[in-house]
Amino acid sequence: MLSVWNNGQSTRYPGVRYYYSNNYNNPAGCTRRWNRGNLQGTYKLRSHQWTTDNSCGG
């Protein structure tokens, strides 16, 4: 199991997207600011980036 936690402080970037592949390819999911969770299964995340997408996660 893999845990994710978005502890970001910027209101400009309300979410963080994470990816299975390097260079932001093959999206795995997204978590909104101040949220956390556990991903079920076996994951090997290779990249992540802040996003301005307000629909990210939840």
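1. **Arg 12.** You will find Arg 12 in the loop between strand S1 (2–6) and S2. Helices and strands here are DSSP runs numbered from the N terminus, where a helix (H or I) needs at least four residues and a strand (E) at least two. Arg 12 is exposed, because its relative accessibility is 58%. The cut-offs are these: buried means under 20% relative accessible area, exposed means over 50%, and partly exposed is in between, with a 1.4 Å probe and protein chains only. Between the C-alpha atoms of Arg 12 and Gln 49 there are 13 Å, although the two residues are 37 apart along the chain.

2. **What kind of model this is.** Please keep in mind that the model is predicted: local features need pLDDT of at least 70, side-chain atom pairs count only at pLDDT 80 or more, and totals for chains, interfaces and linings use all residues. Residues are numbered from 1 along each chain as its sequence is written, and side-chain values use heavy atoms, with hydrogens and water left out.

3. **The whole chain.** How many helices and strands does the protein chain have? There are zero helices and five strands, so reading from the N terminus gives β-β-β-β-β. Along the principal axes, the C-alpha atoms fill a box of roughly 30 × 25 × 15 Å.

4. Buried residues make up 26% of the 58 in the protein chain. The chain exposes about 4200 Å², and 43% of this comes from carbon and sulfur atoms. Accessible areas come from the Shrake-Rupley method with a 1.4 Å probe, and for residues only the protein chains shown count as cover.

5. **Contacts across the sequence.** Contact means heavy atoms within 4.5 Å. Among the contacts in the protein chain with a separation of 6 or more, 66% join residues 24 or more positions apart.

6. **The sheet.** Three strands form an open sheet in the order S3-S2-S5, with antiparallel pairing. The edge strands are S3 and S5, each pairing on one side only. From one strand to the next, the twist averages 25°. For such angles, axes are lines fitted to C-alpha atoms (for helices over the stretch in contact), and the angles run from 0 to 180 degrees between N-to-C directions. Two strands pair if DSSP finds at least two bridges between them; S2 and S3, which run antiparallel, are joined by six. Look for Tyr 19, whose bridge partner in S3 is Pro 27, and for Ser 21, which stands opposite Asn 25 in S3.

7. **The S2–S3 hairpin.** Now follow the loop between strand S2 (15–21) and strand S3 (25–32), where Asn 23 lies. The hairpin has three residues between the strands, and in it Asn 23 takes a positive phi near 60°. Tyr 24 lies in the loop between S2 and S3 too, and has a positive phi of about 65° although it is not a glycine. Most residues other than glycine have a negative phi. Is each residue buried or exposed? Asn 23 is exposed, with a relative accessible area of 63%, while Tyr 24 is partly exposed at 42%.

8. **His 48.** His 48 sits in strand S5 (residues 47–51), and counts as exposed at 55% relative accessibility. Leaving aside neighbours within four places in sequence, His 48 is in contact with Val 16, Arg 17, Tyr 18, Tyr 19 and Tyr 24. Gly 8 is 40 residues from His 48 along the chain, and their C-alpha atoms are separated by 13 Å.

9. **The salt bridge.** Which residues form a salt bridge? Asp 53 pairs with Arg 17, and the closest N and O atoms are 2.5 Å apart. Asp 53 lies in the segment after S5 and Arg 17 in strand S2, so the pair ties together parts that are 36 residues apart in sequence. The structure holds one salt bridge, defined as a side-chain nitrogen of Lys or Arg within 4 Å of a carboxyl oxygen of Asp or Glu. Asp 53 is partly exposed at 27% relative accessibility, and Arg 17 is partly exposed at 25%.
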